[in-house]
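Notebook open, model loaded. I jot down what I look up, one entry per topic.

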Amino acid sequence: MDVTQASEECEAVLDAISEAVISEREFLETVLLGVVGRGHVLLEEVPGTGKTLTARSFANALGLSFSRIQFTPDLLPADVTGTHIFNEQDRSFEFNEGPIFANIVLADEINRAPPKTQAALLEAMEEGQVTTDGETRQLPQPFFVIATQNPVEQEGTFPLPEAQVDRFLVKTSMGYPDEPGEIELLRRRAARNEMSPSVDTVFEPEHVKALRQVPESITVDEDLLEYVVALARETRNDGRVSVGVSPRGTQRLFEAARAYATIAGREYVTPDDIKRVAQPVMAHRLVLTPDATVNEVQKSQIVDAVLDSVPVPTVD
């Protein structure tokens with residue numbers, strides 16, 4: 001698959017999902033970055049904005065299997081990865097796969113589960129495999145996690161450890177639709193008998209694998225490599241930040257920029273591509289100082305300041 005074909009098919013996916021999900025195109029592109037860039041997406045949004053519909057719509061449009069895990073305080077790691085059950089017919093134990101064994105997994109309200117259960121996702125997200133009872137099992141490929149958390153209701157929640165937050169390629173927010181969008185939401189509901197809209201399949205699973213290889217062919221000039229590194233290092237020099245973007249985050253910024261160039265249909269990365277993906281890739285990786293937290297400094301403000309302070313390479 002070449003870049004032009006990849007871009008056209010990405011547009012077809014976004015068009016199909018837009019028929020079901022009322023949201024800004026930029027939000028859907030950011031979620032698609034996770035698919036194309038072989039990463040995972042963290043959505044922080046209040047209930048009822050369409051997070052589950054978005055995840056299911058992506059699975060349907062891409063022709064992939066879908067699973068939803070409702071994270072709760074009593075959820076056990078085995079409830080995610082699966083467990084052995086006794087088969088009375090042949091008098092032996094056999095492995096019963098958990099909901100993690102799907103192409104697209106919606107980890108709903110991930111911060112409601114205790115750290116031990118959250119950690120069950122770490123190996124899956126990073127290695128594409130799970131280990132149970134000493135035996136390692138590969139997950140279906142492609143494998144993609146969309147995790148959600150509620151930013152409003154914090155009672156009975158367990159904050160995600162920084163090691164797990166860093167596993168997400170991007171973090172984004174859906175937001176409320178504008179008034180015309182909310183009216184269109186009702187208009188579409190009135191035009192169908194089902195409560196939830198359906199999305200046409202655009203891809204086959206093997207096609208998605210080919211799409212995810214396209215960014216590897218995208219050219220990134222040397223001065224843009226230096227620009228990506230300069231942005232990441234500048235976050236570590238900000239006095240309001242105790243932990244800046246890690247080298248893993250630097251690599252993810254590079255990968256997200258190539259994925260965005262793929263969606264845009266270009267064989268090379270531009271400075272604007274890097275700027276476009278900087279917020280969703282970098283902001284959630286920052287750890288603020290106690291003073292900055294007390295003063296309610298927003299991580300997005302720090303990323304904006306970094307983008308303003310680092311000189312942008314000129315493109316000949």
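I started with His84, whose bridge partner in β4 is Phe95. The model is a predicted one, where local features need pLDDT of at least 70 and side-chain atom pairs count only at pLDDT 80 or more, while totals for chains, interfaces and linings use all residues. Numbering starts from 1 along each chain as its sequence is written, and side-chain values use heavy atoms, with hydrogens and water left out. β3 (residues 82–87) and β4 (residues 92–97) run antiparallel and are joined by six bridges. For the labels: helices (H or I, at least four residues) and strands (E, at least two) are DSSP runs, numbered from the N terminus. Two strands pair if DSSP finds at least two bridges between them. Four residues lie between the strands of this hairpin, and Arg91 there takes a positive phi near 55°.

**Sheet.** Next I traced the open sheet: five strands in the order β2-β5-β8-β1-β9, with parallel pairing. Which strands stand at the edges? They are β2 (66–70) and β9 (170–172); each has a single partner strand, so one side of each is left without a neighbour in the sheet. On average, neighbouring strands are turned by 15° against each other, direction ignored. Axes here are lines fitted to C-alpha atoms, for helices over the stretch in contact, and angles run from 0 to 180 degrees between N-to-C directions.

I then zoomed in on β1 (residues 41–44), which runs parallel to β9 and is joined to β9 by three bridges. Leu43 has Thr172 of β9 as its bridge partner. Helix α2 (residues 25–36) packs on the sheet and touches β1, β8 (144–149) and β9, where contact means heavy atoms within 4.5 Å. The direction of α2 makes about 150° with that of β1.

**Helix pairs.** I looked up two. Two packed helices are described by the angle between their axes and the distance between the axes.

The axes of α1 (residues 3–18) and α10 (residues 247–264) come within 6 Å and cross at roughly 80°. α1 and α10 are therefore roughly perpendicular to each other; the classes are under 35 degrees for roughly parallel, over 145 for roughly antiparallel, 65 to 115 for roughly perpendicular, and oblique for the rest. On the α1 side I noted Val3, Ala6, Ser7, Cys10 and Glu11, and on the α10 side Thr262, Ile263 and Ala264. By class, this contact has five nonpolar residues, two polar and one charged. Here Ala, Val, Leu, Ile, Met, Phe, Trp, Tyr, Cys and Pro count as nonpolar, Asp, Glu, Lys and Arg as charged, and the others, Gly among them, as polar.

α2 turns up again with α8 (residues 205–213): their axes are 9 Å apart, at an angle of about 95°. That makes α2 roughly perpendicular to α8. Gly34, Val35 and Val36 of α2 meet Val208, Leu211 and Arg212 of α8. I sorted these residues into four nonpolar, one polar and one charged.

How much space lies in the largest pocket? I get about 920 Å³. A pocket is an open set of points on a 1 Å grid over the protein atoms alone, where a 1.4 Å probe fits, with protein on both sides within 12 Å along at least five of seven lines; lining residues have an atom within 4 Å of a point. Grid points are joined across faces, edges and corners, and a volume is the space filled by probe spheres set on the points.

Of the 29 lining residues, Glu44, Gln149, Lys171, His284 and Lys299 lie nearest the centre of the largest pocket. Elements giving two or more residues to this lining include β1, β9 and α13 (299–309). I count 12 nonpolar, 12 polar and five charged residues in the lining.

The second largest pocket has a volume of about 430 Å³. Its lining has 20 residues, with Gly48, Thr49, Gly50, Leu53 and Leu185 nearest its centre. Helix α7 (residues 179–190) gives the largest share of that lining, five residues.

Gln141 and Pro142 are joined by a cis peptide bond, omega about 0°. Pro142 sits in the loop between β7 (135–138) and β8. Glu109 has a positive phi near 50°, in the loop between β5 (104–108) and α5 (115–127). Glu296 has a positive phi near 60° and is found in the loop between α12 and α13.
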